[in-house]
Amino acid sequence: MLGAAGLLMAMSADAIAVLGRHVGFTLLGAIEVVQASVVLAASAAMVGATLSGAHARVHILIERLGPTWHQRYDRASDAACCLFFLFLAAGSTWVAADLWSGFEVTEILGLPLRWLRVVWVGSCLLIALLFLMRALGKGGNHES
């Protein structure tokens, strides 16, 4: 629902801005609304892709292995993805902590960016948790 709301908000802001240009009025801050909406939509899409096991994988090597080694490599891949998203969350948290007291806002509408950073960090942590569960064999989505 969060991703759908983000996409709907981005589409609406863009559609009103384009319509406004044709009839003679300007929707100030439409780009800022779209950019904020993309954070919501992308975060939700990445969580959804992780839940459904739809992340891209290269199978050229592991499809030639037996079921036991195939599963081991899948779990190692999931553990590496978990670490990647933990590092991404840690770096994003660091940036958010540095800028938190600066009250960072967009230029025209003054949308606070700190809450978008919180959504992004939360989605990274959730994705890392989902990969960890899969790596430990509790999340499913392994083909063998």
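Which residues make up the largest nonpolar core? Hold that thought for a moment, everyone, while I cover the ground rules. This is a predicted model, where local features need pLDDT of at least 70 and side-chain atom pairs count only at pLDDT 80 or more, while totals for chains, interfaces and linings use all residues. Residues are numbered from 1 along each chain as its sequence is written, and side-chain values use heavy atoms, with hydrogens and water left out.

Back to the core. It has 10 residues in all: Val47, Cys82, Phe85, Ala89, Val121, Cys124, Ile127, Ala128, Leu130 and Phe131. By nonpolar core I mean buried Ala, Val, Leu, Ile, Met, Phe, Trp, Tyr and Cys residues joined through side-chain atoms within 4.5 Å; buried is under 20% relative accessible area, exposed is over 50%, and partly exposed is in between, with a 1.4 Å probe and protein chains only. Helix H3 (67-100) and H4 are the elements that give two or more residues to this core, and H4 gives the most, with 6. Helices here are DSSP runs of H or I, at least four residues, numbered from the N terminus.

Leaving aside neighbours within four places in sequence, Cys82 is in contact (heavy atoms within 4.5 Å) with Ala128, Phe131 and Leu132. Cys82 is also among the buried residues of H3, a list that includes His70, Asp74 and Asp78. Those buried H3 residues pack against H2 and H4.

Now, how do H2 and H4 sit relative to each other? Their axes, lines fitted to C-alpha atoms over the stretch in contact, with angles from 0 to 180 degrees between N-to-C directions, come within 9 Å and cross at roughly 5°. The two helices are therefore roughly parallel, a label for angles under 35 degrees. Their contact residues divide into 13 nonpolar, 3 polar and 1 charged. Among them are Leu40 and Val47 of H2, and Trp120 and Phe131 of H4.

H2 itself covers residues 30-52, and its 23 residues should span 33 Å at 1.5 Å a residue; the end C-alpha atoms are 32 Å apart, which agrees. The buried residues of H2 pack against helix H1 (2-23) as well as H4 (114-135).

Gly53 lies in the loop between H2 and H3 and counts as partly exposed, at 31% relative accessibility. Gly53 and Phe131 are 78 residues apart in sequence, yet 9.4 Å apart in space, C-alpha to C-alpha.

Conventions. Expected span 1.5 Å × (residues − 1). Parallel < 35°, antiparallel > 145°, perpendicular 65-115°, else oblique. Nonpolar A, V, L, I, M, F, W, Y, C, P; charged D, E, K, R; others polar.
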